[in-house]
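Student: Before we look, could you show me how to read a residue's surroundings and the way helices pack?

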Amino acid sequence: DMYVKSANATKKETDTVYLTFDDGPSARTAEILDILKLEDVKATFFIIGKEGEKEKDLMKRIVDEGHTIGIHTYSHVYTDIYDSVERYLADFNQTFQLIYDTTGVKPEVFRFPGGSINNYNSLRYEEIIAEMIRRGFTYYDWNASSGDASSNATANSVYYNTVQSSEDKDRVILLMHDSLSKSYTVAALPNIIEYYKARGFQFDCITNDVSPIAFNYIDY
């Protein structure tokens, strides 16, 4: 039953930013949702299923407040999920069912841990992508990053990396994280939102009719 209906066509809106958060939900997610609500901004949350099991109320809140909830696998253990197409599908399905059972929404979008091309899936990423597309799912990489996964990240560095990686783009999918340790991401978020507003950008959440940004070997 792990099939969804793919979009008939996609849109590529300019002067638009898609804020995306990986690795939640956690207590940081609640803080981020508070900021997004205050600023009247929508975003996309690619959740890890094993974290979602502990934070089902936050999964519901993401959906109830008009954001997109997507899949970032269940375990996030690269060596397991990328071992084979079958292992990836089994892991993915756990989060698919969790989101559907918890929120009533069938998630249609997802993000690969490490991005669609990485050192762990280089031998079989084409097979996995082909199977996921066949099932109707759309994956999204990113073209700007907050750098908040760095071990020495600070609120200032998160803001600076966001600006530096976004300044030459008129359409941005920004990578951020909302796992428990990312307090500096929360601290930087109001300034990040103000930066894009000052540039005249609109904010939107990712739906499967948004034209994807996908890595290739040149990007990687």
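**A histidine and its neighbouring helices**

Tutor: The side chain of His-67 has a polar atom 3.0 Å from the backbone nitrogen of Ala-43. This is a predicted model, in which local features need pLDDT of at least 70, side-chain atom pairs count only at pLDDT 80 or more, and totals for chains, interfaces and linings use all residues. Residues are numbered from 1 along each chain as its sequence is written, and side-chain values use heavy atoms, with hydrogens and water left out.

Student: Is His-67 buried or exposed?

Tutor: Buried means under 20% relative accessible area, exposed over 50%, and partly exposed in between, using a 1.4 Å probe and protein chains only. His-67 has a relative accessible area of 8%, so it is buried.

Student: Which residues is His-67 in contact with, leaving aside its neighbours within four places in sequence?

Tutor: Contact means heavy atoms within 4.5 Å, and the partners of His-67 on those terms are Leu-33, Leu-36, Val-41, Lys-42, Ala-43, Phe-45 and Ile-62.

Student: At what angle do helix 3 and helix 5 pack?

Tutor: Helices are DSSP runs of H or I with at least four residues, numbered from the N terminus. Axes are lines fitted to C-alpha atoms over the stretch in contact, with angles from 0 to 180 degrees between N-to-C directions. Helix 3 and helix 5 (residues 85–103) pack at about 75°, with their axes 9 Å apart. Angles of 65 to 115 degrees count as roughly perpendicular, so helix 3 is roughly perpendicular to helix 5.

Key
Polar contact = N/O pair within 3.5 Å; in protein donor to acceptor, adjacent residues only side chain to side chain. Helix = DSSP H or I, 4+ residues; strand = E, 2+ residues; numbered from the N terminus. Parallel < 35°, antiparallel > 145°, perpendicular 65-115°, else oblique.
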